[in-house]
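Take a look at the structure below. We will walk through a few of its charged and aromatic contacts, and then one of its helices.

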Amino acid sequence: MDMRPVEILLVEDNPGDVRLAVEALKEGKVHNNLHVVGDGVEAMMFLRREGKYALSPRPDLILLDLNLPKKDGREVLAEIKADEKLRRIPVVVLTTSKAEQDILRTYDLHANCYITKPVDLEQFIAVVKSVEDFWLTIVKLPPE
C-alpha cells in the first residue's frame, strides 16, 4: 500500500477559502500535503517547477479557482491540459461561478469536474471533504 502523502495544489486567491480548505483537508482521512498558490502565474510556475518552485512535488490533484489574478483559471486549465507532462493530473474546478458558459468552457478544456463553491461555511467544508473522499480514496490517480 502506498503510504506517501497525497500532494494537492490549491490555486485560490481568496484567503478565506484557502483557510476553509486547509481546515477541511486537515480533518480529512487521507494524509496529504496541501500547497497553495494565489494566482495563475504562480500555479504554472509550481507545476513546471520554475524559480522558487524548483523543488516542488508534482501534485496528484489540483483544486483550481477560475477567477484568479494575473492569469485566469481557464487559461491555467488550458495550459495544464495542453502540456504532455501535466495533462493527466486531475483538475477539480472549484469556483463561485454558476454560469453555464463557464461550466461548458471548463469541460471543453478537459476539467475533471466542476464544483460551485457553496457560500455556507459548513457546506463549503462538506464539499472539500467530498472532493477528498472521492478523489483521494475512491479514484485511482495516475502514477507520476
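## A buried charged pair

In this predicted model, Glu12 has a relative accessible area of 5% and is buried. Its salt-bridge partner is Lys117, and their closest N and O atoms are 2.7 Å apart. Glu12 sits in the loop between S1 and H1, while Lys117 sits in the loop between S5 and H5, so the bridge ties together parts that are 105 residues apart in sequence. What about Lys117: is this residue buried or exposed? With 7% relative accessibility, Lys117 counts as buried.

How many salt bridges does a search of the whole structure find? The search gives eleven. Glu79 takes part in a bridge with Arg48, where the closest N and O atoms are 3.2 Å apart. Glu79 belongs to helix H3 (residues 73–82) and Arg48 to the loop between helix H2 (40–47) and S3, so this pair ties together parts that are 31 residues apart in sequence. Glu79 counts as partly exposed at 22% relative accessibility, and Arg48 counts as partly exposed at 36%.

Glu79 also meets Lys71 in a salt bridge, at 2.6 Å from N to O. Lys71 counts as buried, with 16% relative accessibility.

Now let's turn to H5, which covers residues 121–138. This helix has 18 residues and reaches 25 Å from its first C-alpha to its last, close to the 26 Å expected.

Which residues of H5 are buried? They are Phe124, Val128, Val131, Glu132, Trp135 and Leu136. These residues cover an arc of only 100° around the axis, which means they lie on the same side of H5. The buried residues pack against strands S1, S2, S3, S4 and S5 and against helix H1. On the other side of H5, Glu122 and Ile138 are exposed.

## An aromatic pair

A search of the whole structure finds two aromatic pairs. One of them joins Phe134 and Trp135 edge-to-face, with 5.3 Å from centre to centre and 90° between the planes. Phe134 is partly exposed, with a relative accessible area of 40%, whereas Trp135 counts as buried at 10% relative accessibility.

Conventions. Residues numbered from 1 in each chain as written. Predicted model: local features only at pLDDT ≥ 70, side-chain atom pairs only at ≥ 80, totals over all residues. Heavy atoms only, no water. Helix = DSSP H or I, 4+ residues; strand = E, 2+ residues; numbered from the N terminus. Expected span 1.5 Å × (residues − 1). Buried < 20%, exposed > 50% of the residue type's maximum accessible area, 1.4 Å probe, protein only. Arc of directions from axis to C-beta. Contact = heavy atoms within 4.5 Å. Phe/Tyr/Trp six-rings, centres within 6.5 Å; stacked < 30°, edge-to-face > 60°. Salt bridge = Lys/Arg side-chain N within 4 Å of Asp/Glu carboxyl O.
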